[in-house]
Amino acid sequence: MFTEQDIYLYKQGRHFRLYKHLGAQVVMHGGVRGTYFGVWAPNAERVSVVGDFNYWDNTTHHLNVRGDGSGIWEGFVQEAMPGHKYKYHIQSRFQGYKADKGDPFGFYWETAPSTASIIWQMDYQWGDEEWMQNRREINRQDKPLCIYEMHLGSWMRDPDNPDRLLSYREIADRLPGYLLDMGFTHVEFMPVAEHPFYGSWGYQILGFFAPTSRYGTPQDFMYLIDILHQHGIGVILDWVPSHFPTDEVGLGFFDGTHLYEHMDRRKGFHPEWKSYIFNYGRNEVVSFLISNALFWLDYYHIDGLRLDAVASMLYLDYARNDGEWEPNEFGGNENLDAISFLKNLNSEVYRSYPDVQTFAEESTSWPMVSRPTYVGGLGFGYKWNMGWMNDTLSYMSKEPIFRKYHHNQMTFSIWYAFTENFILPLSHDEVVHLKGSLAKKMPGDDWQKLANLRLLLGYMYAHPGKKLLFMGAEMAQWTEWNHDQSLDWHLLQYDPHRQVQDWLREVNALYCSRPQLYEQDFPPGGFAWIDCTDADGSVLSFIRRDKNRSSLVMAANFTPVPRHEYILGVPGAGPWKEILNSDEARFGGSHQVNPDVHHAQQIPAHGYSHRLILTLPPLGIIFMEQIP
């Protein structure tokens, strides 16, 4: 299964297709069908394969260590067939350590709490040729990108048995049509790789190459992605190269030594998550992780990878007190090995798959996260704008009467909006751990809460940056997200919740149909203030432009007091019309609208040659368009 070149690249940390070599590969050998097993365990004294095919006897099928110094043990087992469960029995050269380990490259695992790997073949007949041919154009950064973030096990459950998780195929019957109706361009799945504890939401991974069997087989997951693609929906996968759990069956202390994790506990153990941290300075680990990233793009046609907890990788002192971390060789707190890994990862992803994107959940001011590696950046396609999210939610949670004292929270984001390729995230992290749902965060009575929510969502779509919304917000769910139950779909029988959903559907449609709202998210020429100084009125007004300099005007009133005869400077003469208003009656608003065509007066205002006189609705946002 390995050539000399393969082994050389592996040792150099430059072999990025290890999933075609290591693990359990069903092959023909000497005219006989069976399974080749390959596992990296350089400090093992003995390795054998145990499984259904040998009654879990660790004396039957021993593997042989290669003589090339790679530390890879391998062997062919004729009796091992697809569907058989297996583990590696590893006896270390150190301190008598013995353990049965899951396959680091296993394509399929038993359903938790069982932990065996399963021999599996990855054949599948894809039907998404049209999507794959057009993907590069769809995923361009000057195209619309509105992402629906979701957790597969709690988006929807069996109505007749709420404790039963829907399968990948059952979700495929429901999800694509819903996303298409709502106008989302992409869906982001929280981690699907096999994880032992369901309550970790997938962020504590055992089987990095296996979609969780809680919802079906690998082919069932492929089918879900295939159907989404056939409906024109892109798929982003939450990927976790930052840490892994300490379960004995997993990667930790794999061959009786700290093989995948850093041996120094100051670098190799995460104090908050109680998990191991990968050793990014070890070549074989780099090959493992980058191979894993490419595996999902290759075998599963994934359109983007969102990297979790990037800040925890970049900083040696992340979540650590003084004395609990060691500076790098230059005396700084930067993890130089992790930086090198991230650059290599992004370079290889975009070299191999130039039509996909990578996303960094990076919560600090680390510079040039979404800039190319050849100019010194980390090489990501996008970065989550955590500053915008924190400031905006802090502001929106305040009673409107106090918002004028915090006006800068809403204007500050524009100072740095064009330093990165930003995603504006309203993610799962904001609606758990007693933080309350988005609707519940809003102040006021129920009507004001939902008006505030519509305003928040409209403002997000008006603001420069691509969009991400966690499931449940589109129906104004009152309760926090609970991974053990379905979303509160029953709320849609009530007009106020259905009207919020209607609003988001209309905002998505407007966003995808108006290049002013997406073409120039990252060049500063795509945005201009009209007035950012009206703190007393708690009003923000600004312009979004496309590449042809065509303009849309947005004005948001963050108080429950309607602003009549409000003056807005605009960049052009002629007629303007209101194309969307969050206060329309059909969305549950008070219908303070601007129904007529408004002709711009040739009177200077806000630095522009013309002005409009409009009504700004209470707790509402309006979108104005110039009529040709």
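Which residues lie nearest the centre of the largest cavity? They are Val431, Phe470, Met471, Gly472 and Ala473, out of 15 residues that line the largest cavity. Before going further, note that this is a predicted model: local features need pLDDT of at least 70, side-chain atom pairs count only at pLDDT 80 or more, and totals for chains, interfaces and linings use all residues. Residues are numbered from 1 along each chain as its sequence is written, and side-chain values use heavy atoms, with hydrogens and water left out.

A cavity is a set of points, on a 1 Å grid over the protein atoms alone, where a 1.4 Å probe fits but cannot get out; lining residues have an atom within 4 Å of a point. Grid points are joined across faces, edges and corners, and a volume is the space filled by probe spheres set on the points. The whole structure holds five cavities of 30 Å³ or more. The largest cavity has a volume of about 100 Å³. Its lining divides into nine nonpolar, five polar and one charged residue. Here Ala, Val, Leu, Ile, Met, Phe, Trp, Tyr, Cys and Pro count as nonpolar, Asp, Glu, Lys and Arg as charged, and the others, Gly among them, as polar.

By class, the lining of the second largest cavity has six nonpolar, three polar and two charged residues.

Now the open spaces. A pocket is an open set of grid points with protein on both sides within 12 Å along at least five of seven lines. The largest pocket has about 560 Å³ of space. It is lined by 23 residues, and Trp201, Trp273, Asp308, Glu361 and Asp429 are the closest to its centre. The lining comprises nine nonpolar, nine polar and five charged residues. Which helix gives the most to the lining of the largest pocket? H10 does, with three residues. Helix H8 (310-314) also supplies at least two. Helices (H or I, at least four residues) and strands (E, at least two) are DSSP runs, numbered from the N terminus.

The second largest pocket holds about 280 Å³. Among its 22 lining residues, Lys267, Leu316, Asn335, Leu336 and Asp337 lie nearest the centre. Helix H6 (265-268), H8 and helix H9 (336-352) each give two or more residues to that lining. The classes there are nine nonpolar, seven polar and six charged.

H10 also packs against another helix. The axes of H10 (residues 386-396) and H15 (residues 446-462) come within 11 Å and cross at roughly 155°. Axes are lines fitted to C-alpha atoms, for helices over the stretch in contact, and angles run from 0 to 180 degrees between N-to-C directions. H10 and H15 are therefore roughly antiparallel to each other; the cut-off for that term is an angle over 145 degrees. Trp388, Thr392, Leu393 and Met396 of H10 meet Asn452, Leu455, Leu456, Tyr459 and Met460 of H15. Contact means heavy atoms within 4.5 Å. Seven of these residues are nonpolar, two are polar and none is charged.

Not counting residues up to four places away in sequence, Asp391 touches Gln409 and Phe412. The C-alpha atoms of Asp391 and Ser413 are separated by 8.3 Å, although the two residues are 22 apart along the chain.

Helix H1 (residues 4-12) and helix H7 (residues 283-299) pack at about 105°, with axes 6 Å apart. That makes H1 roughly perpendicular to H7, a term for angles of 65 to 115 degrees. Leu9, Tyr10, Lys11 and Gln12 in H1 meet Asn283, Glu284 and Ser287 in H7. This contact has two nonpolar, three polar and two charged residues.

Two backbone details remain. Most residues other than glycine have a negative phi, and most peptide bonds are trans. The peptide bond from Ala112 to Pro113 is cis, with omega near 10°. Pro113 sits in the loop between strand S8 (98-101) and strand S9 (117-118). Glu565 has a positive phi, near 55°, and is not a glycine. Its place is in strand S25 (residues 563-570).

Notes
Parallel < 35°, antiparallel > 145°, perpendicular 65-115°, else oblique.
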